[in-house]
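I opened the notebook to look up pockets and packing. My entries follow the structure.

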Amino acid sequence: MLVVAEKEIAGLMTPEAAFEAIEAIFASMARRKAYNFPVVREAIGHEDALYGFKGGFDASALTLGLKAGGYWPNNQKHNLINHQSTIFLFDPDTGRVSAAVGGNLLTALRTAAASAVSIKHLAPKGAKVLGMIGAGHQSAFQMRAAANVHGFEKVIGWNPHPEMLSRLADTAAELGLPFEAVELDRLGAEADVIISITSSFSPLLMNEHVKGPTHIAAMGTDTKGKQELDPALVARARVFTDEIAQSISIGECQHAIASGLIKEEQISELGAVVAGDDPGRGDAEVTIFDGTGVGLQDLAVAKAVVELAKQNGAAQEVEI
């Protein structure tokens, strides 16, 4: 099998390549050419860690595999990031493992690419101001990916720990965009596109905060109990997601569903918009992309990086 080490990923995978792979997998999912397997996610009772598996099969690209890993909140003491994962690809013709790929950077890139796909297809016309809620590790990837697909003129941001806002300011400067730290009410009123990427377990962005045509990429809620948005805001919006089953169980929509504010059939697949089978934003004032993260996204970027590694001689071949 081939091994693509984590240290090689940054030199191989670009945000543009990640976007292309993720947009394609959204369309494959909508056309029922690709499907995700049930997610396994467990608290292991050690180091406060969450560990699990996400897998799937894309028949159109013949991509089969899984991502194994999770969240280790105490990893700072090991000088490691909290999210740790490895992606395994298998030959769909024989079942033999074909590649093992470092999944940490790829997870960040595919999560940001999914958000960017939603922005490309759902942002209100003439959107100029990008609002960022959250200033953790993933926020810089999100901002860069958003700027790659839309010509924003300004970034405004909020974080529960204001001392971390320098990451947003530095990333905006790197992109040549002015940055301003604001409170959430002002962020909701002024931003045309909002990316929320936190680990919150209670709503941060409230319904009354959001004014005017807005698209929200809600990217932080991927576990039962997590929450970034007011359920009333979700109920007010036209909602899209990567996978409906995850949206209502572990995504942002879990809370609006539990409160009886929306029904499952009101949630649409972003892939249908990408494939041209759904009009997308239409006349909605507010749209939300509930980005829960699915295994097929990991497999798509892993397959792309394996091909790049083979072309660049960065893949190691081992017997197993």
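Which elements do the buried residues of α4 pack against? I kept in mind that this is a predicted model. I found α3 (104–122), β8 (129–133), β9 (154–158), α5 (166–174) and β11 (193–196) as the packing partners of α4's buried residues.

Next I listed those buried residues. Helix α4 spans residues 137–149. Its buried residues are Gln 138, Ser 139, Ala 140, Phe 141, Gln 142, Met 143, Ala 145 and Ala 146.

**Largest pocket.** I read its volume as about 1100 Å³. I counted 48 lining residues. Nearest the centre I noted Tyr 71, Asn 82, His 83, Gln 138 and Ser 199. Gln 138 is also on my list of buried α4 residues.

I then checked which elements supply at least two residues of this lining. They are β3 (40–43), β4 (50–58), β5 (63–71), β6 (83–90), α3 and α4. Helix α3 gives the most, with six residues. I sorted the lining by class and got 14 nonpolar, 26 polar and eight charged residues.

**Second largest pocket.** Its volume came out at about 220 Å³. I found 14 lining residues. Leu 89, Phe 90, Ser 98, Lys 303 and Glu 307 lie nearest the centre. The elements giving two or more residues here are β5, β6, β7 (97–102) and α11 (295–312).

Which element supplies the largest share of this lining? I found that α11 does, with four residues. By class, I noted eight nonpolar, two polar and four charged residues in the lining of the second largest pocket.

Definitions and conventions: Residues are numbered from 1 along each chain as its sequence is written. This is a predicted model: local features need pLDDT of at least 70, side-chain atom pairs count only at pLDDT 80 or more; totals for chains, interfaces and linings use all residues. Side-chain values use heavy atoms; hydrogens and water are left out. Buried means under 20% relative accessible area, exposed over 50%, partly exposed in between (1.4 Å probe, protein chains only). Contact means heavy atoms within 4.5 Å. On a 1 Å grid over the protein atoms alone, a cavity is a set of points where a 1.4 Å probe fits but cannot get out, and a pocket is an open set with protein on both sides within 12 Å along at least five of seven lines; lining residues have an atom within 4 Å of a point. Grid points are joined across faces, edges and corners, and a volume is the space filled by probe spheres set on the points. Ala, Val, Leu, Ile, Met, Phe, Trp, Tyr, Cys and Pro count as nonpolar, Asp, Glu, Lys and Arg as charged, and the others, Gly among them, as polar.
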